[in-house]
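Please look over the sequence and the model shown here before reading on.

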Amino acid sequence: MSNDQPTSGQPPEDDPFLKKPQEPQGPEPHGPHGPQGPPSGSPYDSAPPPPPPPYDSGPYGGGGPYGGVDPLAGMPPLGEPGKRILARLIDFLIISIPLYLISLPWGGAVEMRDNTSNNSNFSDVFSQTYSAHQLLWSLIGLVVYVGYDTYFTHKDGRTIGKRLLKLRVAMLNDGRVPDTSASFLRAVVLWLPALLCCPCLWWLINIVFMFTDKPYRQGLHDKAAKTVVVQTD
């Protein structure tokens with residue numbers, strides 16, 4: 001073989017999917033890259049390459065062999081929105097029922113006041129229906145909900161509800177379990193508006209995003225933490 005021309009039919013260096021490295025039988029001859037062989041990371045290295053990340057290539061998603069045509073290539077099937085909503089409801093009940101029972105000796109976590117006066121403006125209605133007592137329990141609930149989501153998401157990507165529905169939270173770029181900072185950010189973005197500001201509107205927005213977002217069905221909390229919810233076996 002000439003040192004000036006590569007072998008005919010040799011795959012390009014940036015195409016690892018066509019790589020078929022051969023084990024050398026002896027000292028490697030000097031090639032076009034000099035006595036030290038090809039540069040580190042080249043597809044022609046004699047050492048086997050590390051395994052690709054979970055979302056780099058694979059049978060899921062129906063992408064092409066180069067992983068760039070379909071953004072879902074290599075990714076497990078996305079979690080269905082209906083299952084995600086049900087899993088979230090299970091998690092909500094797991095936390096809210098014990099929290100409410102604990103709050104009963106102090107008057108309950110929800111305290112509603114009379115807001116039927118015709119002369120009440122919006123700020124008056126808010127102050128009447130969202131008392132200091134309820135605000136306190138909302139803050140307690142926020143700490144519990146965020147702590148619950150952060151712990152289980154960082155542990156293995158699955159809260160109790162997601163485990164029952166066979167779902168998992170994963171980092172979008174490589175499929176790994178979210179680290180503590182991503183898990184915490186995801187939980188805060190999800191629960192802070194829901195518990196302290198606009199619960200109905202916030203849940204509606206996230207549900208709409210789960211059904212309509214392309215291509216990853218991310219809620220706003222997923223977009224903030226760069227996560228995605230996928231199905232598991």
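The report below goes from the overall fold to the strands, the salt bridges and a surface patch.

## Basis of the model

This is a predicted model, in which local features need pLDDT of at least 70 and side-chain atom pairs count only at pLDDT 80 or more, while totals for chains, interfaces and linings use all residues. Residues are numbered from 1 along each chain as its sequence is written, and side-chain values use heavy atoms, with hydrogens and water left out.

## Overall fold

The protein chain has seven helices and two strands, where helices (H or I, at least four residues) and strands (E, at least two) are DSSP runs numbered from the N terminus. Read from the N terminus, the order of these elements is α-α-α-α-β-α-α-α-β.

Of the 233 residues of the protein chain, 33% count as buried; here buried means under 20% relative accessible area, exposed means over 50%, and partly exposed lies in between, with a 1.4 Å probe and protein chains only. The chain exposes about 14,400 Å², of which carbon and sulfur atoms supply 63%; accessible areas come from the Shrake-Rupley method with a 1.4 Å probe, and for residues only the protein chains shown count as cover. Among contacts (heavy atoms within 4.5 Å) with a separation of 6 or more, 63% are between residues 24 or more positions apart.

## The strand pair

Strand β1 (residues 167-171) and strand β2 pair in the antiparallel sense over five bridges, pairing being assigned if DSSP finds at least two bridges between two strands. One of the residues involved is R168, whose bridge partner in β2 is V230. Strand β2 (residues 227-231) is largely enclosed by the rest of the structure, because four of its five residues are buried.

## Salt bridges

The structure holds seven salt bridges, each defined as a side-chain nitrogen of Lys or Arg within 4 Å of a carboxyl oxygen of Asp or Glu. D156 takes part in a salt bridge with R158 (3.4 Å, N to O) and in another with R163 (2.6 Å, N to O). D156 itself is buried, at 17% relative accessible area, whereas R158 is partly exposed at 22% and R163 is partly exposed at 37%.

A further salt bridge joins the side chains of D213 and K223 (2.8 Å, N to O). This pair links distant parts of the chain, ten residues apart, with D213 in the loop between α6 (199-212) and α7 (220-225) and K223 in helix α7. D213 is buried, with a relative accessibility of 10%, while K223 is partly exposed at 35%.

## A nonpolar surface patch

Which residues make the nonpolar surface patch of about 720 Å²? The patch is made by L86, L89, F92, L93, I97, Y100, L101 and L104. Patches are made of residues with over 30% relative accessible area and no salt bridge, like charges being joined within 9 Å and nonpolar side chains (Val, Leu, Ile, Met, Phe, Trp, Tyr) within 5 Å.

L101 lies in helix α1 (residues 81-103) and is exposed, at 51% relative accessibility. L86 is also in helix α1 and is partly exposed, with a relative accessible area of 42%. L86 and L165 are 79 residues apart in sequence, yet their C-alpha atoms are 8.0 Å apart in space.
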